[in-house]
Amino acid sequence: MSQTFVVGYDGSDAARRAVQFALDRARDQNGRLVVAHVLEWSPYSFLTPTELEERHKRRREELQRAEKALLKPLLDSLKDAGVPVETALKYGNISDTLCDIAGEAGGTQIFIGRNGHSTMGSRIFGSVAGRLAQTASVPVTIVP
Amino acid sequence: MTNTMTRAAFVAALSLGASSPALAQTLDEKVNEIFASSTGWFVDFIFSPFPGTSFPWIVAWLVVAATVFTIYFGFIQFRAFPHSIALVRGDYADPDDAGEVSHFQALATALSGTVGLGNIAGVAVAVGIGGPGATFWMILAGLLGMASKFTECTLAVKYRNEYPDGTVSGGPMYYMTKGMAQRGLPGGRILAVMFAVFCILGALGGGNMFQANQAHAQITNVVGNYPGWITGVVFAAIVFAVIVGGLKSIARVTEKVVPFMGVMYVSVALVIVLANYDKIGWAFGQIFAGAFTGLGVAGGMVGALIQGFKRAAFSNEAGVGSAAIAHSAVRTKEPATEGFVSLLEPFIDTVVICTMTALVIIITGQLVSDPETGRYVLAEGGKMIATVDGNTGVALTSAAFSSTFGWFKYVLALAVILFAFSTMISWSYYGLKAWTYLFGEGHIKELIFKLIFCAFVVVGAAASLGPVIDFSDAAIFAMAVVNIAALYMLMPIVRDEVNGYLSRLKSGEITKHR
């Protein structure tokens, strides 16, 4: 069975390392890569009336920007990597949505980068890595 | 030389200090006078009673409409209540639409425009004049109003304008013109223009001046008296920063704090009610008895009924058409879903929050009654029930809550100010939509309205309560006159829409996504 590796990607150095790490594994195991970018979003947040009106327009702009500034350059750089690469772009809670993407793409592993800092915020509210480790239904690799 | 100059400056400063309160006083009074004399005729017309009675025709207009919609849609507010909750929870939301406006967000934004002073000050006024019985009529009007809200919000989504850049504009103006044209009825455009005019007045009145006025009253309650225009200028500057300067951070903070305040308000009220659990039965007894006998309030049963109906309508705005503007932005393929979601609004606003205020006032014994007869004692003048400390309006609510939790008056003051501010932001948007409907969209045109809006904040804070509250109520009710007329003509369209949706829901064509 071929391997499908889902990599969370936000353009940071840590995310690049995660992509590189997953790419090397995919090459060895004859697998493919799904590079996923999640735009943080909660349907229970509060918006002003003006934000409501412009939401659809903003969403379109945000998706275009993510596609153009993040995913497209990465795809271009991986063109000759010798591994099939796809992208996924979604709104939602980052860790939950990464799990969803893995589920839909038949992912066998999730890779994410970690920036190495442990902030007060992540101690209280939990980090993406921590939440993924607890909720994912496939193995998760955290690349430092 | 230096000494003389210093002394002269000191004397000048003193006289300036002495003359400025007097100057401000006359300014406040002047604003008040001009305001009262220029709006009086309009207020008189809207609140004129049926000949030979004291029952204002406008109150009957709203309640009859709510009753008609309730019957016409087969008690939709009760039948669809569980489905409404499921929609707000996001059970039917397509995950691929994540990032678009959710039902929850549209509801929360519309609620932050309606939850506010009506729930705190308005209810105190209603109970103070109409007695506990007013609560019964208020709850009834709230339950019926759910059907009105449902009708207008379904239409608002169905007939909104969607522009190529992805923004939307919706509201009664659009369903009046497009909906009535579709039914082959004349006059849609005239109704829409009238609605837009009243909406602008309502935005400047109830959505602005009343809020500024009450916010100022709250601040003076806490820090002592000072001229209203100062509060007005400060508020106007903040509103200006948000609506003209696009300073989203302030708006965002408010939008986050307001729901928190709402939940806290209801929780504290609940604690007070539960702490007096032995009086709950008695309080409801008072509410029911007062609803039908009046228990000695001015105007008797009709007095209680008018106050209850009036405050419910002013608080939840069902039938007014304002919330239809906020709800029209949601991204849904099914207009009926937004109608279902919006019917929760009068429920939360009136049936839950307003009732809590009323219960706290009644249970904490703020209203003075004669222990012998059980009838309420009227204050001097005979129009209002005497209260323990002679409080009315916000002060009455504040006294009721503070009798259990002394610190709550500060929280309440902050809540009133924040509610006032968020209501202003919502209404500035409603007013703007009406304005652009009349004059077209464009940066300069929009800026003119926003500047007028800010100027009225100052006027509202400086004027005394009487003329302002009358004009606010009148302008908002005038919107309802036009809006409900259109709703009657368009209700068959809503029925088709809802029946279609419900049958697809039943057949399983529309399914839950989680």
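This is a predicted model: local features need pLDDT of at least 70, side-chain atom pairs count only at pLDDT 80 or more; totals for chains, interfaces and linings use all residues.

Entry 1, helix H2 of chain A. I looked up A:Glu54 and found it in a salt bridge with A:Arg58, with the closest N and O atoms 3.1 Å apart. The two are about one helical turn from each other, because they sit four residues apart in helix H2 of chain A. A:Glu54 has a relative accessible area of 17%, so I noted it as buried, the cut-off being under 20%. A:Arg58 comes out at 29% and counts as partly exposed. I also noted that this pair joins A:Glu61 in a network of salt bridges.

Which residue does B:Lys433 pair with? I found A:Glu53, with the closest N and O atoms 3.0 Å apart. This pair crosses from helix H18 of chain B (residues 408–439) to helix H2 of chain A (residues 49–77). Buried or exposed, these two? I have both B:Lys433 and A:Glu53 down as buried.

A:Arg131 and A:Asp96 meet through their side chains in a salt bridge, 3.1 Å from N to O. They are 35 residues apart, with A:Arg131 in helix H5 (residues 128–135) and A:Asp96 in helix H3 (residues 94–105). I logged A:Arg131 as partly exposed at 38% relative accessibility, and A:Asp96 as partly exposed at 29%.

Over all chains, I get 18 salt bridges.

Conventions:
Residues are numbered from 1 along each chain as its sequence is written. Chains are lettered from A and ligands numbered from 1 in the order in which they are written. Side-chain values use heavy atoms; hydrogens and water are left out. A salt bridge is a side-chain nitrogen of Lys or Arg within 4 Å of a carboxyl oxygen of Asp or Glu. Buried means under 20% relative accessible area, exposed over 50%, partly exposed in between (1.4 Å probe, protein chains only).
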